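Q: Could you take me through one part of this model in close detail? I would like to know which residues meet there and how each term is defined.

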Amino acid sequence: MRNHTPWWKWLIIAVVIVPGAFYALPNLFGDDPGVQLRGARGARLGTAELGQVQKVLESSEVKYKSAVLDDRGIRVRFATTDAQLQARDLLELRLASGTTVALTLLPAAPDWLSQVGALPMYLGLDLRGGVHFLLEVDMQSAVRRAEDRYVADLRSTLREAKIRYQKIGRDGSGGITVVLRDPAVLADAVDEIRQTLPGLVIADAKGSADGALRVRLSDNEVEELSQFALEQNITALRNRVDQLGVAEPVIQRQGDRRIVVQLPGVQDTARAKRILGRTATLEMMMVDEEHSLDAALSGKVAPGSKIFRFRDGRPILLKKRVIYSGENIVDAAASIDTQSGGAIVSITLDAIGARINQKITGKNIGKRMAVLYIESKSTIKTDVNGMSVKDADGRTIRVKQRIEEVITAPVIRDQLGKRFQIEGLDSVDEARDLSLMLRAGSLAAPVEIIEERTVGPSLGQANIDQGFQSVIIGFALVLVFMAIYYRVFGLFANVALALNLVMIVAVLSLLQATLTLPGVAGIVLTVGMAVDANVLIFERIREELRNGNTPQASIHTGYERALSTIVDANLTTLIAAIVLFNFGTGPIKGFAVTLSIGILTSMFTAIVLTRALVNFFFGGRRLKDLAI
Amino acid sequence: MRFFEKVTDFDFLGRRRSALIVSLVLLAISAGSLGIRGLNFGIDFTGGTLVEVSYAEAVDPVKVRSVLAEAGIDSAIVQYFGTSKDILIRLPVVAGQASAERSTAVVQALRGPIGEVLAESPEGGLQQCRSTDGVLVGDCTVQMRRVEFVGPQVGGELTEKGGLAMLYALIGILIYVAIRFEWRFAIGAVVALVHDVLITLGVFSVLALEFSLPVLAAVLAVIGYSLNDTIVVFDRVRDNFRKMRKGSVVAIMNNSVNQTLPRTVLTSVTTLLVVLTLLLAGGEIIKGFASALLVGVIIGTYSSIFVASPAVLMLGISREDMLPVPKEGVEGDPLP
């Protein structure tokens, strides 16, 4: 029989559409304001903590909808944002220090949906609000640090081999120069270096004219170093971000020297930047009380001492010898001093630090010890046009900046040991940032923010509203137009178009691909273009009718003839979409994804689904004419 | 309903000389403007900082500018964005200050006179502020809507990658069409695409509209759209070459364009419906994207009728080129 859809085609349609509708379902429920809790340093939270959370909330009569524990921590849902904010403050105060308490939006879909993996679409930062940073790791600085280490290694290696050297040091052109006392032992030195330090390459084994050896890091070593610096930085950044209280942060490497950091919901970008970009450490030094500060200020600085400044600019004379530094710190926590009411940071030292601290403070009771804060920043050097300045090898040149500030210089009242406190901070926020920096570990190489995209929450919401509105209006216009233009067949096309929209949403939800604003634009565009396949078919059917064919024959040939055109036209568009995807950064990728999905789903709905509908209503009947 | 009651019989190909002149003039204007004025590249390409803020009440950009200048941020371009409450601030990349700190400085400078500091607020709500003595005052008077900072090293890469993407797309299409059709069709399609892209870019250049990353995406989407249109026509030409034994090449091509005309017009109409929706209801950020699509869809429709087929014709297509290659093993079969 002509124009009959075999049962297995119906089965395919059902197999595609039923799960499609199911996976699109969670998007109808919206979000609840929620709070997400995670353990300190990735520690797992258990039922004990869950019970504690419930007790804290109930004792303060904060109403919550539900509190659940899973691999990602504890998640608590609320009916209102007021309850959410109140709960966050409460929990932050009452739970063990280090527990991250983050505000978030939790999908309100019922649990049985999320248990089978049916989640709502993952909204991009431009729709939900948040910060996107692209960080570039300063690899040159990592290499320089490694060269410094190798200089020390070279010295000890040669010393142990009893090869006497005159000078070993980093030279300006990116390498290490070794000058030997006796050029005769050059070959021995070369052998020794090759044997013990395989990471180095000797440029001229015979020695240059001045009898010096030029050594540099092997390409392999530089490669490994970069790899390590990048990984170490990602780990350190992850620690820092954890402290920021962000529910679902994304930290990923991009290429061989860049890191993407995405922080949904974060608005205080100033703080985020400060915490991500810093490489800070502390050094403890004694205050030089034997020499006069005034004399030093007038230029007569005693040897072994140096003038430093407090944050407010007051000068102070410190002994240059570092007692111990930030590396000896194992933990740091901010709190408020119950006696003075000022902000303090409590610090815990490791065994070495504790021993030194005990010895020095025991000997110096009544004297002053200073806490020096050191931060190194590096920025790209730019010319007058704002373009980055490159060196001869085409690498960007960076300018180093070292900030040294004395935070406090209190009198040692007692012998200190493993634990002590730093006072004299301006605010609780400052204390919190400092403790975080000390705790979260330092970066292997400085990073610089080379791209920032922040979307405030109100704009995010406006983008969702406007995007949604455009989809609805565009969709409605096309529906009306098609119904008028093609009558009954137009209605078939409209059913296909609606299901097409459902399928796009389903595929996006299933893949958990990020939906961005350009992605929404892609959906709108797909709505306009998706009818094209049906238009092609219907125009063919009209042509066949015009040529005097019977309605049934026209339907049959119309679909058949249009098929190859549809495939050709859509595949070429798909090529363009795939190129877009491969080239794309964030927003463009989102557009390419929805466009590609839309092309594929529209082919299915137009060719298979409308055919089945047409067959169902018109197939196998004696027809005089068609409502087309 | 029908746009055309019968199959139309317009002599599209006969007008190919006039069309050529129109296209050449448009291309010349576009190329000239692109060469002389260039494109008004957004910060995605040039690098720089862009901050969008929204005030609770209408505000004078001059005042915003002076507040910024007081905070030591000069060289800022301040303008309205959509409404008189929304302000867009652009900062060029400044020597020695290519850092992300500048956007922070802008927001802080604008909050300064009001005495507000950002407080944490729930996701998806309005930003909340504290007065400087720590009391929560609720919604901020100055809402930070959007910050975009692009470092100088990122912008250059993007221009290069964008150009390459366009090139790859064209090569991919060239190969596909050459395999499915014939090399003359492939060149015809690509000529039409280059024509569309150049004129769309030309319109952006002449009107000095901002060329941003989403606009680039739209231009690439135009390639997809225009190609779609062109392929449909070509498909019919191929079909007719095999079916119609009589008639000149020009007549067959004319026939094909006329036969596909209802669908060309109809698809353009539905696409333009949604593009106009995006332009009018999609919000300020999507405006550039929608404008590029609007121009592109119109030009793309024109080119699939007046540029692609004439180009194939001028390359000297003949009926023999399109006859199916006799399959091996059936060579002995006499052709009817």
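This is a predicted model: local features need pLDDT of at least 70, side-chain atom pairs count only at pLDDT 80 or more; totals for chains, interfaces and linings use all residues.

A: Happy to! Let us begin with a definition: a residue is buried if 20 or more other C-beta atoms lie within 10 Å of its own, exposed if 12 or fewer, and partly exposed in between, with C-beta atoms placed from the backbone. A:Glu136 has 21 C-beta neighbours inside 10 Å and therefore counts as buried.

Residues are numbered from 1 along each chain as its sequence is written, while chains are lettered from A and ligands numbered from 1 in the order in which they are written.

Back to A:Glu136, which sits in strand β6 (residues 130–137) of chain A. Strands here are DSSP runs (E, at least two residues) and helices are DSSP runs too (H or I, at least four), numbered from the N terminus. Leaving aside residues up to four places away in sequence, A:Glu136 touches A:Arg257, A:Arg258, A:Val447, A:Glu448 and A:Ile450. A contact means that the two C-beta atoms, placed from the backbone, lie within 7 Å. A:Pro446 is 310 residues from A:Glu136 along the chain, yet their C-alpha atoms are separated by 8.6 Å.

For a contrast in chain A, look at A:Arg487 in helix α13 (residues 457–511). With 14 C-beta neighbours inside 10 Å, A:Arg487 counts as partly exposed. A:Arg487 is not a glycine, but has a positive phi of about 50°.

Chain B has a residue of this kind as well: B:Ala208, with phi near 55°, a positive value in a residue other than glycine. B:Ala208 is placed in the loop between α6 (183–206) and β9 (210–211) of chain B. B:Ala208 counts as exposed, because 12 C-beta neighbours lie inside 10 Å.

Finally, here is how the two chains meet. In chain B, 74 residues are in contact with 82 residues of chain A. On the side of chain B that touches chain A, α4 (101–111), β8 (142–150), α5 (152–180), α7 and α8 (249–281) each supply at least two residues. The residues of that side divide into 41 nonpolar, 24 polar and 9 charged. In this scheme Ala, Val, Leu, Ile, Met, Phe, Trp, Tyr, Cys and Pro count as nonpolar, Asp, Glu, Lys and Arg as charged, and the others, Gly among them, as polar.
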